[in-house]
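Grab a pencil and work through these exercises with the model in view.

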Amino acid sequence: MNIGIDMDGVIIDDDRYILDHVSKFLYENGLGQMTSPKVYEDKFLFSESDNLKYREQYFFDYIENATPFEFAREVIYKLHEKGHKIFIITARFKTTSDCAIGEKMRTLTKKWLDKNNIYYDELVFCLPPKLNELKKFDIDLMLEDSPINIVEMAKITKVACFNTQYNFDLDLPNVVRVFSWYDFLSKFESFL
């Protein structure tokens, strides 16, 4: 089986990081208050310039120092040992751009995966909703957190929705909700 795995929100717990750092950024820049923890990623009503400022101030630190979810490394390796191919498919900020920031993001992403011993057969940088990549690599199952991506992905493949505050009410056919890495492994047979 070809398994696609997203990084942010799936391998890495970005939810807490984003909530902490976005609220700090809003406070320090006089941009108001957070109204809900159920907002996906950078949809905090920043202007484009504030969004870029936020990313410059905090995002590279996150890319270099974020902590993987407990047991992510272990479960991914177990899947590999069972003969499944692992495709890490990420739409991280600027990773598809041919610019200095894009190159830095790609390099830091690869270094982070190596530093944290995360196994993969292929690392794929793309734009959301990742549909072309799902087709190109014949992905049988995608582990994803983005509600926007999940809605589109579920039309063409099986999806494991990694539970977060911002996707908790998503309920679609062809999508199974998982609450942790070992919960994913215990439900894995249902995807076969």
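This is a predicted model: local features need pLDDT of at least 70, side-chain atom pairs count only at pLDDT 80 or more; totals for chains, interfaces and linings use all residues.

**Exercise 1. Find where helix 2 bends, and by how much.**

Residues are numbered from 1 along each chain as its sequence is written, and side-chain values use heavy atoms, with hydrogens and water left out.

**Exercise 2. Work out which residues of helix 2 are buried and what covers them.**

Buried means under 20% relative accessible area, exposed over 50%, and partly exposed in between (1.4 Å probe, protein chains only). Among the buried residues of helix 2 are Asp-50, Arg-55, Tyr-58 and Phe-59. Their cover includes helix 1 (14–28) and helix 4 (100–115).

**Exercise 3. Describe how helix 2 and helix 4 pack.**

Two packed helices are described by the angle between their axes and the distance between the axes. Here the axes come within 8 Å and cross at roughly 30°. (Axes are lines fitted to C-alpha atoms, for helices over the stretch in contact, and angles run from 0 to 180 degrees between N-to-C directions.) The two helices are therefore roughly parallel, a label for angles under 35 degrees; over 145 is roughly antiparallel, 65 to 115 roughly perpendicular, and the rest oblique.

Now for the residues in contact (heavy atoms within 4.5 Å). From helix 2, Phe-59, Phe-60, Ile-63, Glu-64 and Asn-65 meet a set in helix 4 that includes Met-105, Leu-108 and Trp-112. Sorted by type, the contact residues are seven nonpolar, two polar and three charged. Nonpolar covers Ala, Val, Leu, Ile, Met, Phe, Trp, Tyr, Cys and Pro, charged covers Asp, Glu, Lys and Arg, and the others, Gly among them, are polar.

**Exercise 4. Look at helix 4 and what comes after it.**

The buried residues of helix 4, including Gly-102, Arg-106 and Leu-113, pack against helix 2, strand 2 (85–90) and strand 3 (122–125). After helix 4 comes Asn-117, with a positive phi near 55°.

**Exercise 5. Compare Lys-130 with Asp-138: buried or exposed?**

Lys-130 sits in the loop between strand 3 and helix 5, and its phi is positive, near 75°. With a relative accessible area of 1%, Lys-130 is buried. Asp-138 lies in the loop between helix 5 and strand 4 (141–144) and has a positive phi of about 50°. At 51%, Asp-138 is exposed.

**Exercise 6. Find the cis peptide bond.**

The bond joins Pro-128 and Pro-129, with omega about 10°. Pro-129 belongs to the loop between strand 3 and helix 5 (131–136).

Note on methods. The bend at a residue is the angle between axes fitted to the seven residues ending there and the seven starting there. Helices (H or I, at least four residues) and strands (E, at least two) are DSSP runs, numbered from the N terminus.
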